[in-house]
Amino acid sequence: MTEPRRIIIDTDPGVDDAMAIFYALSSPELDVLGLTTVFGNATTETTTYNALALLQLAGRSDVPVARGADTPLVATYGGPVDFVHGADGQGNAGIPAPTASAVAESAAEFIVRSVMAAPGEITLVPVGPLTNIALAMRLEPKLTENLREIVLMGGNAFCPGNVNPSAEANIHNDPEAADIVFGADCPITMAGLDVTHKVQMTHADLARIGAMSNPRAEHLARILPCYVDFHTTYEGLDGIFVHDSTAVSYLLAPDAFTWEEAPIRVDCGQSFGRAKTIAGKGEGDSYAAWTPRRPVRILTGADSRRLVELELSRLAE
Ligand code: BDR
Ligand code: CA
């Protein structure tokens, strides 16, 4: 087997973040070097607690957690989305308190030190607001040229948002940071709503998680009902969209996806379009804001059944 791919997951756990973290930890193709935390689904205090607690539950307290930003770069944090992820970010189900603590470094410092020590080797997997990644890029201007890739969950290039018709939640939480990150000169793959709304777990799939007997799956079975209720009530779905785990799936099975490539700008205005990720592939004056940017791989389609089966098989281990 080839060497496992080295990744850092930047996350705001979050029910689907917990799924993605467990999925990555149970995948031998991936080496999770650390979790960096950010506000979003809950405060950074809570997401850091959850990151530590999830690792403990998985028996992986050896994986360091670096606490990140409490607020967006410019805007004001809108607060936890307890109607999606529960007031505790873990479906109001509780999780045993972690005994480990976050490392002394900030998330941005951890990312910079890790990447610069292994040039060209590390992939960032942000599945929350992009604040920490933008801060790391500011801290070390050579960061991007030393990254292998960024594979992120966020945005909506060709479909409506999930916060409002324009915006997806992670980008909506910090559009200014997102615009910095999409301007980075490194390979970027965007697993946004264009693809994550096409990757769905049904109630029958979720029941299979409920029947698994390992501490990770048992925790997911406790926290998922809150997330499922949100999807039933607000999305009219018989199951859930698979958001954060789709970024992990891309790392494991890129051939299960289709995509388009185009540079992305993020609307950082203060009106209805704020936080929309706008793809702009073309030439001439009309595209002047996009042309200097490297094309982003925008995932647009996936073999949902194959990816769900892959994730379920890993969660069962
Ligand atoms: C994204 O927003 C959060 O609620 C989820 O964890 C996911 O990262 C989906 O829009
Ligand atoms: Ca998330």
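**Entry 1: Asp70 and Arg67**

I looked up the contact between aspartate 70 and arginine 67 and found that their side chains meet in a salt bridge, 2.9 Å from N to O. The model I am working from is a predicted one. I then checked the exposure of each partner. Aspartate 70 has 41% relative accessibility and therefore counts as partly exposed. Arginine 67, at 29% relative accessibility, is likewise classed as partly exposed. I also noted the total for the model, which is 17 salt bridges.

**Entry 2: Asp179 and Arg293**

I turned next to aspartate 179, which forms a salt bridge with arginine 293; the closest N and O atoms are 3.1 Å apart. I located aspartate 179 in helix H7 (residues 175-182) and arginine 293 in the loop between strand S11 (277-279) and strand S12 (296-302). The pair thus links distant parts of the chain, 114 residues apart. Are these two residues buried or exposed? I recorded both aspartate 179 and arginine 293 as buried.

**Entry 3: Asp205 and Arg305**

I found a further salt bridge between the side chains of aspartate 205 and arginine 305, with an N to O distance of 2.9 Å. Here too the pair links distant parts of the chain: aspartate 205 belongs to helix H9 (residues 203-210) and arginine 305 to helix H12 (residues 304-315), 100 residues apart. For arginine 305 the value is 37%, which means partly exposed.

**Entry 4: the calcium ion**

Which residues coordinate the calcium ion (ligand 2)? I listed Asp12 (OD), Asp17 (OD), Asp17 (OD), Val127 (O) and Asp244 (OD), at 2.3 to 2.6 Å. Along the chain, these donors follow the spacing D-x4-D-x109-V-x116-D. Aspartate 12 lies in the loop between S1 and helix H1 (15-25), whereas aspartate 244 lies in helix H11 (residues 244-252), so the pair ties together parts that are 232 residues apart in sequence. I checked both aspartates and found aspartate 12 and aspartate 244 buried.

**Entry 5: helix H4**

Finally, I examined helix H4 (residues 107-117) and listed its buried residues: Ala107, Ala108, Phe110, Ile111, Val112, Ser114 and Val115. What covers the buried residues of H4? I noted that the cover includes strand S1 (5-11), strand S2 (30-37), strand S3 (65-66), strand S4 (122-126) and helix H5 (131-139).

Notes:
Residues numbered from 1 in each chain as written. Chains lettered and ligands numbered in written order. Predicted model: local features only at pLDDT ≥ 70, side-chain atom pairs only at ≥ 80, totals over all residues. Heavy atoms only, no water. Buried < 20%, exposed > 50% of the residue type's maximum accessible area, 1.4 Å probe, protein only. Helix = DSSP H or I, 4+ residues; strand = E, 2+ residues; numbered from the N terminus. Contact = heavy atoms within 4.5 Å. Donors = N, O, S within 2.8 Å, 3.2 Å for Na, K, Ca; no water. Salt bridge = Lys/Arg side-chain N within 4 Å of Asp/Glu carboxyl O.
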